[in-house]
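Visitor: I am new to this structure. Please show me how to read it, feature by feature.

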Amino acid sequence: MSLYDFAKGLVLEAGNKVRTMMKEELNIETKSNPNDLVTNVDKATENYIYEAISNNYPEHHVIGEEGHGHDLENIDGVVWVVDPIDGTLNFVHQQENFAISIGIYRNGEPYAGFVYDVMKDVLYHAKVGEGAFENKHPLPSIEDTRLKQSLIGINPNWVTKPKMGPIFSEIVNECRSCRAYGSAALEIVSVAKGQLAAYITPRLQPWDFAGGLIILNEVGGIGSNLLGESLSIASPNSIVIGNKAVHNEILEGFLNPHKEVLTELHQRFRK
């Protein structure tokens, strides 16, 4: 069995276990703030994925949201970047609109990405150079659009911030409308499917974007940080992704004129 097929089976089985565990009582804890939640299901799912990888590929490394690999000093070799429940607030409050996200990288270069919409039983997956798929159906290349005729994904909380708000408000006022789904992985997939033209957020961890970014790139989308720099699984970053035309329009027309402010915020977010 190839590494790609193993990973595909693993994420599907992890989703089965999540659906089973949801029938039991949830134990909910807070992490960095009252809105940063983690549940027993997050932890159990990451442990299940970690143990399966360790048993089958003991030489591989895992970076997981709930603790595995946070002390990893380099990204040499094969690295799995795992978010066991992306969209935990949705998971807790809605029991849907969350995903398992996995990105596999070889010496820092992308190999394969998986985003599993658990409750809809839809797996988005891609192996570099072989296209992206929704279950067994190929995803077409995404088309360029103009911001004026586009829906974009952005959390409205960021528009209220004193420094970031005025910058993002310009983008919001220019686009057709905005959506916020509460799962970075699913929002990146929405861009890959052409349902959103772009997705913007100032602060994401590698496990939030590692899987979806590979899927996005396979259909011709592009991602960078708010300064236009490439993304790495080695550290958190700001995110702007989209079809190529809207990505360039947002960077050139709305973000680059505020580079000094964005650089200051970028350094703060990376700490």
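Guide: Start with the secondary structure: the protein chain has nine helices and 14 strands. Helices (H or I, at least four residues) and strands (E, at least two) are DSSP runs, numbered from the N terminus. The model is predicted: local features need pLDDT of at least 70, side-chain atom pairs count only at pLDDT 80 or more, and totals for chains, interfaces and linings use all residues. Residues are numbered from 1 along each chain as its sequence is written, and side-chain values use heavy atoms, with hydrogens and water left out.

Visitor: What radius of gyration does the protein chain have, and what would a compact globule have?

Guide: The radius is taken over C-alpha atoms, and the globule rule is 2.2 Å times the number of residues to the power 0.38. For 271 residues the rule gives a value near 18 Å, and the protein chain has 18 Å, which agrees. Its C-alpha trace spans about 50 × 40 × 35 Å along the principal axes.

Visitor: How much of the protein chain is buried?

Guide: Buried means under 20% relative accessible area, exposed over 50%, partly exposed in between (1.4 Å probe, protein chains only). Here buried residues make up 49% of the 271.

Visitor: How do I read contacts?

Guide: A contact means heavy atoms within 4.5 Å. Take the contacts in the protein chain with a separation of 6 or more: 62% of them join residues 24 or more positions apart.

Visitor: Which residues does UniProt list for "binding site"?

Guide: The unreviewed entry lists Glu65, Asp83, Ile85, Asp86 and Asp208. UniProt positions are given in the numbering used here, feature names are shortened, and annotations may be inferred rather than shown by experiment.

Visitor: Why do they gather at one spot?

Guide: They span 144 residues in sequence, yet no two of their C-alpha atoms are more than 9.7 Å apart, so they gather at one spot.

Visitor: Where is Asp83 found, and is it buried or exposed?

Guide: Asp83 is in strand β4, residues 78-86. Its relative accessible area is 1%, so Asp83 is buried. Leaving aside neighbours within four places in sequence, Asp83 is in contact with Glu65, Ala99, Ile100, Ser101, Trp207 and Asp208.

Visitor: Where does Met119 lie?

Guide: Met119 lies in the loop between β6 (109-117) and β7 (122-127). At 36% relative accessible area, Met119 is partly exposed. Outside four places in sequence, Met119 is in contact with Arg19, Met22, Gln95, Glu96 and Phe98. Met119 and Ala44 are 75 residues apart in sequence and 17 Å apart in space, C-alpha to C-alpha.
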